[in-house]
Amino acid sequence: MKRNAGLIKVSLSNPSDHVQLAALFEEMQAHYEVSCPPREEILQGLRDMPDGTEILVAGTTEIVGFAAFSSVYPGPGLQSGLFLKELFVSKQYRSSGAGTYLMQALARLALERGYKRVDWTADRNNPQLLAYYDGFGATPKSEKLFYRLDGDALAATAAGDGREKA
């Protein structure tokens, strides 16, 4: 069932939002068909978010979506920006405008802070998602490639193993 987007408000999250955010994180993990830690670990992660990490929440009487992001520096022209790590809206609220409200709030926040851009990644194999982001006038940056260092490669790099110095 689609909900009335006119009632949706967006704000920066606070500790009183953690239980509802944890439930949305669980829904997100199920949506992406990836493993999810126990609820208490999610709550602990929310309590211990790294400095610079922020979450916008969208909702009425309940939180229906979130945008997790961080400030980044330097960027093009040695300017600051925001990096959107995750945008998620609960299944029953998709197409309600909640995601758009979150993106608009993120853009306003960037401008209020004097930042010059908002960056994010998107799955190339999701044309509906790409069309959604294109609708904001965002420019895909095909010259950039997303990398991730994790698992054994992360440990090996930290230990100084596996790569000659450049």
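Helix 1 (residues 18-31) and helix 2 (residues 39-47) have axes that come within 9 Å and cross at roughly 120 degrees. That angle makes helix 1 oblique to helix 2; angles under 35 degrees count as roughly parallel, over 145 as roughly antiparallel, 65 to 115 as roughly perpendicular and the rest as oblique. The axes are lines fitted to C-alpha atoms, for helices over the stretch in contact, with angles running from 0 to 180 degrees between N-to-C directions.

This is a predicted model, in which local features need pLDDT of at least 70 and side-chain atom pairs count only at pLDDT 80 or more, while totals for chains, interfaces and linings use all residues. Residues are numbered from 1 along each chain as its sequence is written, and side-chain values use heavy atoms, with hydrogens and water left out.

**The helix 1 and helix 2 pair**

- The crossing of these two helices is right-handed, meaning that the near helix is turned clockwise from the far one by less than a right angle.
- On the helix 1 side, the residues in contact (heavy atoms within 4.5 Å) are His18, Val19, Leu21, Ala22, Ala23, Phe25 and Glu26, and they meet Arg39, Ile42, Leu43, Leu46 and Arg47 in helix 2.
- Sorted by class, this contact has eight nonpolar, one polar and three charged residues. Here Ala, Val, Leu, Ile, Met, Phe, Trp, Tyr, Cys and Pro count as nonpolar, Asp, Glu, Lys and Arg as charged, and the others, Gly among them, as polar.

**The chain as a whole**

- The protein chain has five helices and five strands, taken as DSSP runs numbered from the N terminus (helices are H or I, at least four residues; strands are E, at least two).
- In sequence order, the pattern is β-α-α-β-β-β-α-β-α-α.
- The C-alpha trace spans about 55 × 40 × 30 Å along its principal axes.
- Of the 166 residues in the chain, 30% are buried; buried means under 20% relative accessible area, exposed over 50%, and partly exposed in between (1.4 Å probe, protein chains only).
- Among contacts with a separation of 6 or more, 58% are between residues 24 or more positions apart.
- The chain exposes about 11200 Å², and carbon and sulfur atoms supply 53% of that area. The area comes from the Shrake-Rupley method with a 1.4 Å probe.

**A buried glutamate**

- Glu86 lies in strand 4 (residues 81-89), and it counts as buried because its relative accessibility is 18%.
- Leaving aside residues up to four places away in sequence, Glu86 touches Met28, Tyr32, Phe66, Ala67 and Ala68.

**Backbone spots to check in the viewer**

- Most residues other than glycine have a negative phi, and most peptide bonds are trans.
- Glu33, in the loop between helix 1 and helix 2, has a positive phi near 55 degrees. With a relative accessible area of 73%, Glu33 is exposed.
- Ser95 also has a positive phi, of about 70 degrees, and sits in the loop between strand 4 and helix 3 (98-112). Its relative accessible area is 72%, so Ser95 is exposed.
- The peptide bond from Tyr73 to Pro74 is cis, with omega near -5 degrees. Pro74 is in the loop between strand 3 (63-72) and strand 4.

- Asp150 is in the loop between helix 4 (127-134) and helix 5 (151-159), and at 44% relative accessibility it counts as partly exposed.
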